[in-house]
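Please look through the sequence and the model shown here before reading on. The paragraphs below go from the chain as a whole to its charged side-chain pairs.

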Amino acid sequence: MAVTSAQDGPDRARSGQEHLTTTTEQGRFCVARCSCGWRGPARRARSQARTDAEGHTADL
């Protein structure tokens, strides 16, 4: 699992590839995204968006 802070969107994950998560700023909100196409809810706290990303990868 990798959680990074990046401003670019996720690429689609290929079969068997590791899930790579990023956080993206959208105005006053931060959104967690994954290379598999998953997207978390918009959050005001960056830390909560990172927690969402960690939860996504833990569910795999």
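Predicted model: local features only at pLDDT ≥ 70, side-chain atom pairs only at ≥ 80, totals over all residues.

Residues are numbered from 1 along each chain as its sequence is written, and side-chain values use heavy atoms, with hydrogens and water left out.

The protein chain contains one helix and three strands, arranged along the sequence as β-β-β-α; helices (H or I, at least four residues) and strands (E, at least two) are DSSP runs numbered from the N terminus. Of its 60 residues, 28% are buried, where buried means under 20% relative accessible area, exposed over 50%, and partly exposed in between (1.4 Å probe, protein chains only).

Two salt bridges are counted, each requiring a side-chain nitrogen of Lys or Arg within 4 Å of a carboxyl oxygen of Asp or Glu. In one of them, E25 pairs with R46, with the closest N and O atoms 2.8 Å apart. This pair links distant parts of the chain, since E25 belongs to strand 2 and R46 to helix 1 (residues 46-58), 21 residues apart. The C-alpha atoms of E25 and R46 are separated by 8.7 Å, and E25 counts as partly exposed because its relative accessibility is 28%.

A salt bridge also joins the side chains of R43 and D52, at 2.8 Å from N to O. Here R43 is partly exposed, because its relative accessible area is 28%, whereas D52 counts as buried because its relative accessibility is 13%.
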